[in-house]
Amino acid sequence: MVQTQNSYKNLVTKKTDNPPILLNCMKAFVVGGFICVIGQALSYFYMYFFDFTEKTVGNPTVATLIFFTMLLTGFGFYDRIAQFAGAGTAVPVTGFGNAVISAAIEHRTEGYVQGVGGNMFKLAGSVILFGVFSAFVLALIKTILNLWGN
Amino acid sequence: MLNGNQTWIFSNKPTIISTGVVGGPFEKAGKIKADFDYFFDDQWCNETSFEKAHTALIEKASDFAVSKASIAHSDINFFLHGDLINQITPSSFAAKKLNIPYLGLFSACATSMEGLAIGAMLINSESANYVMTGAASHNSAVEKQFRYPTEYGSQKPNTSQWTATGAGLAILSKNGKGPKITSATIGKVIDYDLHDPFHMGAAMAPAAADTISTHLKERNIKPSDYDLIITGDLAYYGRELCLSLLEEMNISIPQEKFLDCGLELYSSSQPTMAGGSGSACSALVTYGHFINKIKNKELNKILVVATGALLSPLTVQQKQSIPCIAHAVSIENGEV
């Protein structure tokens, strides 16, 4: 049986087209880069017209990008762009926004507390958990190195 | 009558006296638009949730099936139905409204032919006068349960498939005009240790090949005895793999005689990736498209092999392989 399974797995690999990795990377680079350009433009906008500095401009920029993501997700365009862009729309902060917003929309039929509240972070929750945890580990390493250096 | 170990021969020839086939807007843009009775204009089907819309699809299809058969809902003895949602609630909730004695079924996307086989068995053994059977699925409700939120931006691979929105029902009777059900083969659960839930065609192909070869062997017939052998939702890659497996078993079926419902439902310009899927897929294409072709005498004998992947999101996350099943039912032109 194992032999049959293995020979079938080989057949599956042979008959399945490989994903176009190079093309996908290029699409992701262009779309992801474009989102970053918009982000940079927003940063300059807030720094030029409002009272933000290079250090504080991150917050309004991210908030604006997530606001646009919310519109694109709600009107059903974000998933179509993502099918083309792949990692290009998943990696920037817009991808994080989309993960939260799409889950919130999806579960609103189950109520605001258990539906929206309980499921909003079902995709993005692990990003937060491991993001915070890896920041903690890095901070710990940095602190130890500093102590050791002194 | 049992023939071999897992094949039933129906000597009383249960008849499909009518069908009800209902789809959504994406199906309306598909390849076999003319074979549907009704399309809902949006995914919500005038309801407030995808799950309620799923139930509405089944109810609408039953209205068409019953009125086309010129009988009342109360004339139907048993309702055999299934879908993909947890605890098959859309089917059960539809059965509540229809008020017909009900057997809930689950063989994932092979449910349509499980229902047709059991329904034919009930009619053949004179245990029922009328049986209504079918299967349904709803793209957004299924995506929500098995994959990601519908608006989540993930890039689907070429091998993934598009879950059909719709419900396909057939009413079976002992007498009457229509295509006859002549035999059925109940499949075994086959697992070739595949793990990719975005490549279900590959997981299901061995189950289809096993059921087809068993059916041919137990009925002692050749593939050429059928005008067409039609699989449920193997889609592009699964169909190719199934043909290769059958060839290894020394069963050769010409390309043009081996079709797949997942490749018949949608047009090539639609973004379905490898093709259609979902428990409605085989029900819609069989009860709509192919039953019409048999009635028009374009086809005489077909074998429908619905294929189902018996996984759940939990088994995928626990890194278990994907067990699959296929049930085959042969349908013939009644008027010779």
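User: In this predicted model, how many bridges must DSSP find before two strands pair?

Analyst: The model is predicted, not experimental.

User: Which residue of S14(B) is the bridge partner of Thr231(B)?

Analyst: Strand S11 (residues 228-231) of chain B runs parallel to strand S14 (residues 301-309) of chain B. The two are joined by 4 bridges. Within S14(B), Thr231(B) has as its bridge partner Val305(B).

User: S11(B) also pairs with S12(B). Which residue of S12(B) is the bridge partner of Ile229(B)?

Analyst: S12 of chain B covers residues 258-260. Its pairing with S11(B) is parallel and uses 3 bridges. In S12(B), the partner of Ile229(B) is Phe258(B).

User: What is the handedness of the β-α-β unit that S11(B), H7(B) and S12(B) make?

Analyst: The helix of this unit is H7 of chain B, residues 235-248. S11(B) and S12(B) are the strands, and they pair in the parallel sense. The β-α-β unit is right-handed.

User: Which helix gives the most to the side of chain B that touches chain A?

Analyst: The contact draws 25 residues from chain B and 27 residues from chain A. On the chain B side, helix H6 (200-219) and H7 each supply at least two residues. The top contribution is 4 residues, and it comes from H7(B).

User: How many charged residues are on the side of chain B that touches chain A?

Analyst: Chain B puts 25 residues into this contact. They divide into 10 nonpolar and 10 polar residues, and the charged ones number 5.

User: How far apart are the centres of domain 1 and domain 2 of chain B?

Analyst: Chain B is divided into domain 1 (2-173) and domain 2 (180-332). Taken over C-alpha atoms, their centres are separated by 17 Å.

User: Which element supplies the largest share of the side of domain 1 of chain B that touches domain 2 of chain B?

Analyst: The contact takes 58 residues from domain 1 of chain B and 57 residues from domain 2 of chain B. Elements of domain 1 that each supply at least two residues include strand S3 (15-23), helix H4 (111-124) and strand S9 (166-173) of chain B. By class, the domain 1 side holds 27 nonpolar, 24 polar and 7 charged residues. The largest share, 7 residues, belongs to H4(B).

User: Is Ala167(B) buried or exposed?

Analyst: Ala167(B) lies in strand S9 of chain B. Outside its sequence neighbours within four places, its contacts include Val22(B), Leu57(B), Ala136(B) and Ala280(B). Ser62(B) is 105 residues away in sequence but 8.8 Å away in space, C-alpha to C-alpha. Because 36 other C-beta atoms lie within 10 Å, and 20 or more is the cut-off, Ala167(B) is buried.

User: How many C-beta neighbours does Tyr38(B) have inside 10 Å?

Analyst: Tyr38(B) lies in strand S4 (residues 38-39) of chain B. Leaving aside neighbours within four places in sequence, Tyr38(B) contacts Val22(B), Lys60(B) and Phe64(B). Tyr38(B) counts as partly exposed because its C-beta neighbours inside 10 Å number 16.

User: Is Asn99(B) buried or exposed?

Analyst: Asn99(B) sits in the loop between helix H3 (89-98) and strand S6 (102-104) of chain B. Its phi is positive, about 60°, although Asn99(B) is not a glycine. Most residues other than glycine have a negative phi. Because 11 other C-beta atoms lie within 10 Å, and the limit is 12 or fewer, Asn99(B) is exposed.

User: How far apart in space are Asp75(B) and Lys96(B)?

Analyst: Asp75(B) is in the loop between helix H2 (50-69) and strand S5 (78-82) of chain B. Asp75(B) counts as partly exposed, with 15 C-beta neighbours inside 10 Å. Lys96(B) is 21 residues from Asp75(B) in sequence, and their C-alpha to C-alpha distance is 16 Å.

User: How far apart are the end C-alpha atoms of residues 21-49 of chain A?

Analyst: The unreviewed UniProt entry annotates residues 21-49 of chain A, among other spans, as "transmembrane region". In the model, residues 21-49 of chain A are 100% helix and 0% strand, and the end C-alpha atoms are separated by 41 Å.

Conventions:
Residues are numbered from 1 along each chain as its sequence is written. Chains are lettered from A and ligands numbered from 1 in the order in which they are written. This is a predicted model: local features need pLDDT of at least 70, side-chain atom pairs count only at pLDDT 80 or more; totals for chains, interfaces and linings use all residues. Two strands pair if DSSP finds at least two bridges between them. A crossover is right-handed if, with the strands pointing away from the viewer, the path from the first strand over the helix to the second runs clockwise. Two residues are in contact if their C-beta atoms, placed from the backbone, lie within 7 Å. Ala, Val, Leu, Ile, Met, Phe, Trp, Tyr, Cys and Pro count as nonpolar, Asp, Glu, Lys and Arg as charged, and the others, Gly among them, as polar. Domain bounds come from an automatic or database domain assignment. UniProt positions are given in the numbering used here, feature names are shortened, and annotations may be inferred rather than shown by experiment.
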